[in-house]
Each structure stands twice: as C-alpha cells, then as structure tokens.
Amino acid sequence: MATTSCFQVVLPLTTCSLPSSTSYSKSIKLKPNTIDNLRIKCFASINARNSPSSSNIPMPPINPKDPFLSKLASIAATSPDSLLQDRPVSGSDTPPYLDIFESPKLMATPAQVERSVSYNEHRPRTPPPDLPSLLLHGRIVYIGMPLVAAVTELVVAELMYLQWMDPKAPIYIYINSTGTTRDDGESVGMETEGFAIYDSMMQLKNEIHTVAVGAAIGQACLLLAAGTKGHRYMMPHAKAMIQQPRVPSSGLMPASDVLIRAKEAVINRDVLTELLAKHTGNSVETVANVMKRPFYMDSRRAKEFGVIDKILWQGQEKIMADVLPPEDWDKSAGIKVADPF
C-alpha cells in the first residue's frame, strides 16, 4: 500500500483511502490502532461502492488544508468511536463520513451562474412610476382636464397627501382646464366639482402657488385666482375666462325639474361671483357685470383684473412693459371699438 494516498469524496463514485498509520498519526496525533480501523472501514466502503476498475485510478497527493479531512481528523481526535460505527456502504446516496457535516452549503443554481447580464444590465429592476407620481414627488399638482368627478377625486387626494407629507412646504398647482365645460361650451361636470377643489385648497395650511399654462376657464379660473396672494402666475400666452355656470342637458325632464335645475344654476352663479370678487379684489357688481357674457382675459388683462399677480416671462418684462395695450393701438389707428354687450 502506497504511503502517499488521500481521502477523496467523488459523486457518484466514492474513492477513499488514508495514509499509513505512522505518517498520518504523526500529522493528527492519533493512536495507530484508530487509524488502522479507519482505513479498514474506508476500504470496505470503497469495495462495496466502486467497480473493480476504480481501484486502478491514480490518487492525487493529500491536501493538508482540506476542510473535510480537517473535520474528520477533529472528530477522530475527540470521539474516535463515532467514526467506527457501522455506516451504510451500499444502497445509499450518502458517501461515507459525509454526514459529519451538519448542514452542507449548496452552490448557486446553474440558472444563476449562467445568466448573462450583458444585454439587460441597465434594465430597471422595478417598473418606473407614472408621470403624475413623479410630479407629485415634486409637490406639483397638474389639472389638465375638465373638472369631472375622477379629476376632482385625484386632485383633492393629492392636496391632502401633500399637506400630510409637509404642512409647511408650498404646493404648486398647474392649470390647463376648461372647468366644468368642454371647449365647445357643453357641460361635462357639476359646478360642485370645482367648489370641492376650491374648498380643499382653502383648508390647507400650505402656501398654494397657482400657474395657468394654457386655459383657465370658468371654475378653473376660480382655482387660479384662489392661490396664495402674491403667488398666482400665468404664462404669457395663456388665457383665462369667466362665465356663468351652464345648465346640464335637461333631456326628457319635466318642466318642474328643469325649473329646479335653473334655480340651482343661479345659486351657483351667485356663489361663483362672490368668490371671484373676493380673490380678485373687485366688487360683486363688477364681476357680475363682466360675467353676463364670456369674459376672456390674456395674461396682461388677467393681471389687471386681479386674477393673477405676475406673468412668467423669461426676460421680456421690459419689452412687454413698453408695448401699448390693444385699446391704445386701436385708438392710434383711428379704429372705434364697439360698445361691449
């Protein structure tokens, strides 16, 4: 028997041998009879498991730093009798002496090892958030649709959430809405949708900065004017317009129901007039007079009427300040302006 053999575990075949009793007992300081017994048990397992041709396989030199041999030597030094107990040598999937490890650690699965990340290493691990969520993270609420129930629900929820997140930081409301009507004047929502957002704005402790970026018509113009004083803005080419509330289509309603709806529309008109007068600084009579017909305002006229406080120019304040208003242009050109309705 060669003296330079090793103890080796191979799946599915298991080959096992130990060095001579003299050399191995010096390395791990065991009694010779103990090493001999281990060798006998190991060779018995080999003969029962492997084919006859496996005995001719050359054995590599022993590795003194092998963790399995270190563990085996430690157990042999402390309790050699446990290694001499009868162990299954045939009909078992467990190689001999492998059970001395309490919980073997498995390697990564082949799918994890072979997965290539060259083509998707920059691919996001989670779905990106939607755009309203990104704007909400910047404390921006964008109203870009007519004021219907779904829009009101979302805007009120966002306002409440932003106040809960920080009751001191300002909230920015960007408005591009035709109010409770479409662009052709057809009513699409109840006037209470606009009042719901307005009441929510009034209940907040935060400063509310309103910005008109396209159109602010009807109830949307009220929301624009309801911002914190000094923080109501308008883009240079945005439009604002105030008008009387519209009565929804009556359809096949009886005359009495149509009359009830008409009275409700008058009440909403009076409330809207009072609120616009409050936030623009005009009298109720002035607002009621201009609301008899649709009253359009560009950014300059909206500032003069008190709907906004500042126009968001990009370095054009001085240029626009030198430009004559449309009435002066007409007067200098000899054009007579017809009396308004």
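This is a predicted model: local features need pLDDT of at least 70, side-chain atom pairs count only at pLDDT 80 or more; totals for chains, interfaces and linings use all residues.

Reply: A residue is called buried when its relative accessible area is under 20%, and exposed when that area is over 50%, with partly exposed in between. A polar atom of the Ser200 side chain lies 2.9 Å from the backbone oxygen of Ala196. When neighbours within four places in sequence are left aside, Ser200 is in contact with Val156 and Leu159.

Turning to the aromatic rings, the structure holds two aromatic pairs. In one of them, the ring centres of Tyr161 and Trp164 are 6.2 Å apart and the planes stand at 40 degrees, so this pair is tilted. Tyr161 and Trp164 both belong to helix 7 (residues 149-165), where they are three residues apart, about one turn of the helix. Tyr161 is partly exposed, with a relative accessible area of 38%, whereas Trp164, at 65%, is exposed.

Phe295 and Phe305 also form a tilted aromatic pair, with 5.5 Å from centre to centre and 55 degrees between the planes. This pair links distant parts of the chain, since Phe295 lies in strand 6 (residues 295-297) and Phe305 in helix 12 (residues 299-305), ten residues apart. Both Phe295 and Phe305 are buried.

Conventions: Residues are numbered from 1 along each chain as its sequence is written. Side-chain values use heavy atoms; hydrogens and water are left out. A polar contact is a pair of N or O atoms within 3.5 Å; within protein, one must be able to donate a hydrogen and the other to accept it, and residues adjacent in sequence count only if both atoms are side-chain atoms. Contact means heavy atoms within 4.5 Å. Rings of Phe, Tyr and Trp (its six-membered ring) pair if their centres lie within 6.5 Å; planes under 30 degrees apart count as stacked, over 60 as edge-to-face and the rest as tilted. Helices (H or I, at least four residues) and strands (E, at least two) are DSSP runs, numbered from the N terminus. Buried means under 20% relative accessible area, exposed over 50%, partly exposed in between (1.4 Å probe, protein chains only).
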